[in-house]
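Please keep the sequence and the 3D view at hand while you read.

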Amino acid sequence: MWWKWRQAGNSDWSRNTLRSLGFSMNIPLEELDFQAIRAQGSGGQNVNKVSTAIHLRFDIRASSLPDSWKEKLLSYADQRISGDGVVVIKAQTHNSQEKNRADALERLQQLIADATKVQKKRKATRPTFSSRLKRLDSKKKHSDIKSGRKKVDY
């Protein structure tokens, strides 16, 4: 499940992806909080001057997502979701703010898609007759091996 982000300059690849999946949902940019920070790690001359990394914050409880999705997201076991129900994503892999911002949005989409994915029901099956015989045969062989280790009485 993917989202169409309401913003000026929405890229063509995201529109095409959304259409191909047959699902779209609008999340206003007001619900997303972007903060530019300095990236970690080694860098060149601009490492201490330019803030290229992006912190994306998304408050699940205050969002316009459906209530069922909010519940699934809040109960989803992911370290990026705080106890207050705020998703914090740090994107710093690219050298530009725009690419890091797009990366953060993509990772938020993937997180929401993973959390709201409907799991298939497991169909209960019985072991086959031959697999039961094989299991009992291997148990008998193992028992014989272990019984052969006992002390011998004369």
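A salt bridge here is a side-chain nitrogen of Lys or Arg within 4 Å of a carboxyl oxygen of Asp or Glu. The model is predicted, and by this rule the count comes to four salt bridges.

**Salt bridges**

- Aspartate 144 forms a salt bridge with lysine 140, with 3.5 Å between the closest N and O atoms; both residues lie in helix 4 (residues 129-147), four residues apart, which is about one turn of the helix.
- Aspartate 144 counts as partly exposed, because its relative accessibility is 41%.
- In helix 3, aspartate 103 and arginine 107 are also four residues apart, so about one helical turn separates them, and their salt bridge has its closest N and O atoms 3.3 Å apart.
- Aspartate 103 is buried at 16% relative accessible area, whereas arginine 107 is partly exposed at 26%.
- Arginine 80 and aspartate 78 meet through their side chains in a salt bridge of 2.9 Å, N to O; arginine 80 is partly exposed at 28%, while aspartate 78 counts as buried at 18%.

**A buried alanine**

- Alanine 104 lies in helix 3 (residues 97-115) and is buried, with a relative accessible area of 0%.
- Leaving aside neighbours within four places in sequence, alanine 104 is in contact with Leu56, Ile89 and Ala91.

**The whole chain**

- The chain has four helices and five strands, which follow one another in the pattern β-α-β-β-β-α-β-α-α.
- Of its 154 residues, 28% count as buried.

Key
Residues are numbered from 1 along each chain as its sequence is written. This is a predicted model: local features need pLDDT of at least 70, side-chain atom pairs count only at pLDDT 80 or more; totals for chains, interfaces and linings use all residues. Side-chain values use heavy atoms; hydrogens and water are left out. Helices (H or I, at least four residues) and strands (E, at least two) are DSSP runs, numbered from the N terminus. Buried means under 20% relative accessible area, exposed over 50%, partly exposed in between (1.4 Å probe, protein chains only). Contact means heavy atoms within 4.5 Å.
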